[in-house]
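This briefing goes through selected features of the structure shown below, grouped by topic. Please read it alongside the sequence and the coordinates.

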Amino acid sequence: MKVSLITTLYNESNNILNFLKSYKNQTKYADEFIIVDGGSSDNTVSIIEEYGANNKNLNIKVIVDKTCSKKYIKGPIAKGRNVAIENTKYDIIAVTDAGCILDKNWLKEIVKPFEDKNIDVVAGWYEANITNEFQQKFADILMPKLKDIDKDNFLPSSRSLAFKKDCWQKVGGYPTLTYTAEDTKFDLDLKDIGCKFYFAQKAFVYWDVPFDMQEARAKLFNYGYGDGQLKLRFKKSIIKILFILFPLHIILSNQKRKHFLLSYQLSVANSLGYIKGLLNPAKGEK
C-alpha cells in the first residue's frame, strides 16, 4: 500500500525542525512526503531542504508556490493542500500540519485501516502540546476528550487525517473560499458523497494550542469567522451566541465553570467571529 504524506506551511522556521524530527522518528515512512510552502519569508524552506538532503530516506519534496498565501487567495491552507495532492503519485493521502508533533506510530496507525478496502477516510486524533498554565486551561476547556466524542460522527481535523485520493477528486478538493474551516467543510463534503469513515484513536498528533489569551482569542475568532462564512454548525452556533447573554453552558459544565472568565471570553470571541462570517459569506468558486 503506497502512501503519500502532505502538508502545507508558511514561515515555520521556529518549529519546523521539531516537526521533521517527529517524522523521522516514525515507525513507518510515507513513500513520498510532499511539502508545499506558500512563499515563506524566513528560512523555512532552506531548513527543510537541508534536512531532506541529510535524510534522503524520508523522501521529502518541497514545492514553493507563492499563490498558496493570503496575498493571493482567501484559502491558502486549502490551496496548499490541493497543490500538494495534485503532485502526489499514490492513492492513499495522509495529511498533517507542520505545527504538530507526530506520535511515533501516527503514520502507521492512520493508514492501517485502509487494509479494509471499504474504508475511504481515516479520522485520526490529536492531543494538546502543553508548555504553560494557560495552554493547560485552554485544553481543559476547549479540547475534545476522547472518552466523550461520538466516534461515528467525529469530524477530523486535517492535522490528523488520511483518505483515498479519488475521494478528494470527487469532492473537488479542499474548498479554498475561506482561511479557516476548510477541513470541516472538506469532511462534510466527503460524508455527503457517501465516503466511509473510520476513527483511528491511536493515530494521534500533539497540537500546539494557543500560548496566551491574545493568541487564543484570535484563533477562536478566526475559527468562528470561517464557520460563519460557510454557515457551518448554524444551529449550534446560534445557540452559542444566545449563551453569551445567558452563559448556562459554562455554568453547567464543571470544567468550564472552574475557568468561567476564560471560557466566557473565548466563547464571545468565537461567536463574534461567527457573526462577522455570516455577514461576509464566502463567495466564488470552490
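Predicted model: local features only at pLDDT ≥ 70, side-chain atom pairs only at ≥ 80, totals over all residues.

Ser 237 lies in helix 9, which spans residues 234-245.

*Ser 237*
- Ser 237 has a relative accessible area of 10%, and because the cut-off for buried is under 20%, Ser 237 counts as buried.
- When neighbours within four places in sequence are left aside, Ser 237 is in contact with Leu 232 and Tyr 274.
- Ser 271 is 34 residues away from Ser 237 along the chain, yet the C-alpha atoms of the two are separated by 7.1 Å.

*Helix 8 against helix 12*
- Helix 8 (residues 213-230) packs with helix 12 (residues 260-279) at an angle of about 35 degrees, their axes being 6 Å apart, and the crossing is right-handed.
- The residues of helix 8 that meet helix 12 include Leu 220, Phe 221 and Tyr 225, while those on the helix 12 side include Leu 266, Ala 269 and Tyr 274.
- By class, this contact holds 12 nonpolar, seven polar and three charged residues.

*Nonpolar cores*
- The largest nonpolar core has 52 residues, of which Trp 106, Leu 107 and Ile 110 touch the most other members.
- Strand 8 (residues 197-207) supplies the largest share of this core, namely six residues.
- Beyond its neighbours within four places in sequence, Leu 107 is in contact with Val 3, Tyr 23, Gln 26, Lys 28, Tyr 29, Ala 30 and Ala 94.
- A second, separate core comprises 22 residues, among them Cys 68, Ala 78, Val 83 and Ile 85.

Terms used
Residues numbered from 1 in each chain as written. Heavy atoms only, no water. Axes fitted to C-alpha atoms, helices over the stretch in contact; angles between N-to-C directions. Helix = DSSP H or I, 4+ residues; strand = E, 2+ residues; numbered from the N terminus. Left-handed = near helix turned anticlockwise from the far one by under 90°. Contact = heavy atoms within 4.5 Å. Nonpolar A, V, L, I, M, F, W, Y, C, P; charged D, E, K, R; others polar. Buried < 20%, exposed > 50% of the residue type's maximum accessible area, 1.4 Å probe, protein only. Core = buried A, V, L, I, M, F, W, Y, C linked by side-chain atoms within 4.5 Å.
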